[in-house]
Amino acid sequence: MAIQQMFLGGGGAISDSYWWRYYTDSYSNQFNDIAVDSDGNVIAVGSLTGYNQSIFLKYDEDGTLDSLKKTTLNSSHGGGISGVCTDSSGNFYTAEKMNTKTNGSGASIDIVKYNSSLTKQWNSEIGSEGSTTNYGSGARYDNIQYSSISSDGTNIWIGCDPNLGSTWGTKGSLVVLDASDGSFEMDRRSQLPQSGSAGYGTSMAATAITSVGDCAFVGKGPWGTAMKDGAWVGLWEKLPQGSATWTVDPKWSKHLKADDTANSECGFSDVAVDSSDNVIAVGKMNTGGAWNGMVMKFSNKSSATPGTVLWEKSLGGGFPSYFSTVVCDSNDDVIVGGWSERTDTGISGTNIQASYTIIKYSGSNGNLEWMHCVNMDSGYWTSGAGSLRLAIDSKDNLYGGFQCNGSSSHWPNNGNMGGVVFKLPSDGTLKGTYAGDGGSDGTFVYGTCETGTNNHDVNYATNNNYFPLATHSSYSSLGWTSLFGQEGLTSHNTTISDHTGATTGGSTIE
């Protein structure tokens, strides 16, 4: 272990090692989410498009590949694991879209609980066929976004986007399951005044659990008269002890937009909570010419006015960018990740057309502390595709997962997508290039934007507020109604097995 590895780490914490690893397959694969448990084990989840199956990889804290698994749903109906979370007991939970239901037409969502040894404990399938009585005509299709599942070990919160047929369309919804057995607890679907038309859909993007078991949620939904997308954030309280029914509405929620035009469309894509249970939401907003990343911090439910905007920042500079993921460290500083398009700013070489970006903001005032690129040398995304996911452990070690688009001249060179997982200190150190141990591993690059004059390491970005703090616009007529409660859940046979034939590798970061 290198000397600097012994002493680096957020807040002075000692970390055993830092590393990066990769995964490729004969079919294109995609990492959709990442989680880390209390022992530093890392779980990355995604899909194999050619197999119509889902995958997850588990690494220990030193980057040793512990398990490479695939899940197979009934009749290979898997659509890819979209979200993963852990609890304090070392269990982890996955949320996977089923392209075809176990019973009937349409799609559904499969929630599976595994123990720390990757033994399945139970699974519950959310979703049913459409009903002309409840939802209008047409079969119902259920969808789930990245990072849409979270748990405190008692409850599991799932954010999903069921399509309720030709009458109601897509409606962002929350579902709560009992973590002990997967049984149904509560559901609510969002409903706008205009929701009698299927054309006005809402979307639930992500959830996060507070210290007392409440659920922060984010997404987007049509706003105002023009019905252009606005960012949506709120907090739903945990079922009070001894209560028989859940509350009808969230503790607080906000539906935000700068004005009633297309030029300020926006949406949140991920959410986190700090040690005081303040809510941090990230996403993107149209600034009239390009999408720019945005981050906002909202006050906790114990404050005089819950959900008040404490600070907000944007990141751009005349080029498209967005934020897809957010975590908070032990100092309550905010670390966000996303993607930015700069044709003249690559990791190395002029052919890099886009880069993933990691940014750290002060939790107290939102000041930008550092900003780095992260990618594979000669790995790239073209039209804003791909996503970066982040996780953080109790020692403030930062974990990430992303995928690269691998044409024959880029990494990986098998023409498919490759997934990358890394572990780094959250203080922004250990910048550099790290070639893999194998001859075809590629090179992981962090914090060095070598091409072009306007690079991320010298903060090529605007740092402005999207919504002036004094003049927030809030469309408050969004309501909630029951969604799944009358239908019950279905259990079926989800199998898990070792996955072979994949190529894995990487190296130590030091």
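An open sheet of 5 strands, with antiparallel pairing, runs in the order 10-11-12-13-32. Strands here are DSSP runs of E with at least two residues, helices are runs of H or I with at least four, and both are numbered from the N terminus; two strands pair if DSSP finds at least two bridges between them. The edges of the sheet are strand 10 (149-151) and strand 32 (479-481), each of which pairs on one side only. On average, neighbouring strands of this sheet are turned by 20° against each other, direction ignored. Such angles are taken between N-to-C directions, run from 0 to 180 degrees, and rest on axes that are lines fitted to C-alpha atoms, for helices over the stretch in contact. Within the sheet, strand 12 (residues 173-178) and strand 13 (residues 184-191) are joined in the antiparallel sense over 5 bridges, and V175 stands opposite D187 in strand 13.

The model is predicted, so local features need pLDDT of at least 70 and side-chain atom pairs count only at pLDDT 80 or more, while totals for chains, interfaces and linings use all residues. Residues are numbered from 1 along each chain as its sequence is written, and side-chain values use heavy atoms, with hydrogens and water left out.

The protein chain has a mean pLDDT of 79, and 73% of its residues reach 70 or more; pLDDT is the predictor's confidence in each residue, from 0 to 100. Confidence in the protein chain is lowest in helix 1 (residues 3-7), at a mean of 43, and highest in strand 10, at 96. Over residues 1-14 the pLDDT is below 50, and this stretch has 31 contacts in the model beyond near neighbours in sequence. Residues 343-352 also have a pLDDT below 50, with 33 contacts beyond near neighbours in sequence. A contact means heavy atoms within 4.5 Å.

The secondary structure of the protein chain comes to 2 helices and 34 strands. Of its 510 residues, 59% count as buried, where buried means under 20% relative accessible area, exposed over 50% and partly exposed in between, with a 1.4 Å probe and protein chains only. Among contacts in the protein chain with a separation of 6 or more, 60% are between residues 24 or more positions apart.

Strand 4 (residues 53-59) is largely enclosed by the rest of the structure, because 7 of its 7 residues are buried. Both faces are covered: Q53, I55, L57 and Y59 are buried on one side, and S54, F56 and K58 on the other. Strand 4 pairs in the antiparallel sense with strand 3 (residues 42-48) over 7 bridges, and I55 in strand 4 is the bridge partner of G46. Strand 4 also pairs in the antiparallel sense with strand 5 (residues 65-72), over 6 bridges, and K58 stands opposite S67 in strand 5. Strand 4 and strand 5 form a hairpin with 5 residues between them, and G63 in the turn has a positive phi of about 85°.

The count of aromatic pairs comes to 19. Rings of Phe, Tyr and Trp (its six-membered ring) pair if their centres lie within 6.5 Å; planes under 30 degrees apart count as stacked, over 60 as edge-to-face and the rest as tilted. F217 and W232 form an edge-to-face pair, 5.9 Å centre to centre with 75° between the planes. This pair links distant parts of the chain, with F217 in strand 15 (residues 215-223) and W232 in strand 16 (residues 228-236), 15 residues apart. F217 is buried, with a relative accessible area of 0%, and W232 is buried at 2%. The pair of F422 and F444 is tilted, at 5.5 Å centre to centre and 40° between the planes. F422 lies in strand 28 (residues 417-425) and F444 in strand 30 (residues 443-446), 22 residues apart, and the pair links distant parts of the chain. Both F422 and F444 are buried. Ring pairs link W20, Y22, Y356, F402, F422 and F444 into a cluster.

Most residues other than glycine have a negative phi. L118, which is not a glycine, has a positive phi of about 70°. L118 lies in the loop between strand 8 (108-114) and strand 9 (120-126) and is buried, with a relative accessible area of 6%.
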